[in-house]
Amino acid sequence: MSATQLRQIDCIVGARPNFVKIAPILRALGSREGFSTRLIHTGQHYDVAMNAVFFEELRIPKPAINLEVGSGTGTEQTAHIMLKLEPVLLALRPDFLLVVGDVNSTVAAALVAAKLQIPLAHIEAGLRSNDRTMPEEINRLVTDRLSDLLFVTERSGIDNLLGEGIEARRIIFVGNVMIDSLHACLKRAMPARATLSDLGAASGLAAVALKQGFAFVTLHRPSNVDDPSKLESLLAALVAIARKIPLVFPLHPRTRAVIADASLDRLLRGSSIIIAPPLSYLRTIGLIREAKFVITDSGGVQEETTALGVPCLTVRENTERPITIEQGTNTLIGTSPDALVAAAKDVLENGGKKGRVPDLWDGNAAKRIVAEIEAYLSRERVPSVAS
Ligand code: UD1
């Protein structure tokens with residue numbers, strides 16, 4: 001392909017999990033001739049700890065454009081991104097737009113692409129919790145409806161999309177780019193010893209965690225943390241579990257804010273829980289790899305624990321990632337504090353669930369995606385703006 005036929009691919013990111021997913025895609029696009037890639041950041045996540053450190057560790061180039069939308073309700077965030085993105089895409093006129101995951105930035109960009117008739121691919125399509133109280137579920141449904149190419153991480157995604165009437169030819173099972181990043185970064189992951197010493201030296205908990213082992217915790221879903229009394233009961237459950245095994249718990253800003261506003265930190269004081277700020281990717285995967293088990297409500301962490309063979313207790317009533325339960329190490333325990341304490345006790349006594357790595361979670365998903373985009377652009381004869 002000559003330089004005049006370069007295809008302009010714009011990639012949208014906004015929030016922390018997007019950064020992990022886009023890194024291998026940008027690498028794969030960069031290694032093929034014929035593409036020019038531009039990264040557009042919506043600015044949904046902006047703290048250094050939620051944003052810049054991920055770019056650095058995942059070796060993601062600086063975005064060409066940052067829309068700097070910042071915080072707001074889901075609707076405000078989505079609307080602000082749309083308003084700021086439309087003129088940018090009208091000016092840049094990409095040949096193809098790529099969105100990842102299920103955050104507000106994903107759906108906002110998908111809506112703008114559809115209105116401007118820019119061909120759109122959704123990476124991580126087809127996942128369904130069937131729970132429309134979850135903001136991400138709305139984002140997934142709308143984004144998939146609007147996408148020209150739907151790249152699926154697990155077979156449940158194919159069934160969900162076919163069931164919603166999406167044409168089979170648009171749906172492609174490629175594996176999981178989250179696991180591409182895991183493979184690419186595991187060698188550089190920070191040993192748990194280093195992170196624990198940095199975080200827990202003062203309290204003396206680091207030494208205990210290193211000797212006895214530890215469990216890793218993340219909680220940030222609105223359904224678990226926005227209601228202070230619900231969060232209080234989950235924190236009480238964590239304190240009870242920490243009597244048996246030290247916990248490492250990096251606080252998402254959403255969770256940290258509710259703890260501060262409702263003065264819930266009194267519960268945590270004196271417990272064997274190492275509270276931390278949001279941790280970098282290399283620290284996080286280093287801790288997950290060495291943890292005895294993980295407690296989470298995150299989507300990505302359910303997948304990372306399955307890929308690493310670490311037992312995972314998911315504090316939710318449902319998951320859009322059923323393969324992590326059917327084949328992986330994940331157990332859905334619901335959101336009752338008693339169930340959480342009982343499940344942790346069971347893992348400590350019986351070693352937790354063993355699993356296997358799902359099909360195509362092999363580190364090569366991004367390469368498959370780029371090959372499919374290339375085929376699509378030549379098949380559909382999308383005229384190149386740059387030609
Ligand atoms: C978003 C995604 C969620 C993803 C999560 C990962 C949606 C609907 N949700 O949720 O799917 O799992 O990111 O982190 O898009 N804040 C900061 N600093 C930041 C970013 C946010 O302090 O860098 C604060 C915001 O001001 C807000 C809160 O954290 O008060 C929540 O941020 P928001 O972007 O609304 O959603 P998340 O809960 O992060």
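In sorting residues by class, Ala, Val, Leu, Ile, Met, Phe, Trp, Tyr, Cys and Pro count as nonpolar, Asp, Glu, Lys and Arg as charged, and the others, Gly among them, as polar. With these classes in hand, the lining of the largest pocket in this predicted model can be described as 20 nonpolar, 16 polar and twelve charged residues. The volume of this pocket comes to about 1,100 Å³. Its lining is made up of 48 residues, and those lying nearest the centre of the pocket are Arg-16, Pro-17, His-45, His-220 and His-252. Several elements of secondary structure share in the lining: α1, α3 (74-92), α5, β8 (215-218), α12, α14 (281-290) and α15 (299-308) each contribute at least two residues.

Around the ligand stand 20 residues, and His-45, Ser-71, Asn-104, Glu-136 and Arg-254 come nearest. By class, the shell around the ligand holds six nonpolar, eight polar and six charged residues. Three helices, α1 (16-30), α5 (135-146) and α12 (253-261), each supply at least two residues of this shell. Of the elements, α5 gives the most, with three residues.

For Ser-71, a polar side-chain atom is found 2.4 Å from an oxygen atom of the ligand. The side chain of Glu-136 places a polar atom 2.7 Å from a ligand oxygen, and for Gln-44 the corresponding distance, again from a polar side-chain atom to an oxygen of the ligand, is 2.9 Å. As for the ligand's surface, its accessible area on its own is 750 Å², of which the protein covers 85%.

Rolling a probe the size of a water molecule over the atoms shows where empty space is left. Across the whole structure, the search finds one cavity of 30 Å³ or more, and the space in the largest cavity is about 30 Å³. Its lining consists of Ile-123, Glu-124, Phe-151, Val-152, Thr-153, Val-174, Gly-175, Asn-176, Val-177 and Ile-369. Two strands, β5 (120-125) and β6 (149-152), are the elements that give two or more residues to this lining. Sorted by class, the cavity lining has six nonpolar, three polar and one charged residues.

How values were computed
Residues are numbered from 1 along each chain as its sequence is written. This is a predicted model: local features need pLDDT of at least 70, side-chain atom pairs count only at pLDDT 80 or more; totals for chains, interfaces and linings use all residues. Side-chain values use heavy atoms; hydrogens and water are left out. A residue is near a molecule or strand if one of its heavy atoms lies within 4 Å of it. A polar contact is a pair of N or O atoms within 3.5 Å; within protein, one must be able to donate a hydrogen and the other to accept it, and residues adjacent in sequence count only if both atoms are side-chain atoms. Accessible areas come from the Shrake-Rupley method with a 1.4 Å probe; for residues, only the protein chains shown count as cover. Helices (H or I, at least four residues) and strands (E, at least two) are DSSP runs, numbered from the N terminus. On a 1 Å grid over the protein atoms alone, a cavity is a set of points where a 1.4 Å probe fits but cannot get out, and a pocket is an open set with protein on both sides within 12 Å along at least five of seven lines; lining residues have an atom within 4 Å of a point. Grid points are joined across faces, edges and corners, and a volume is the space filled by probe spheres set on the points.
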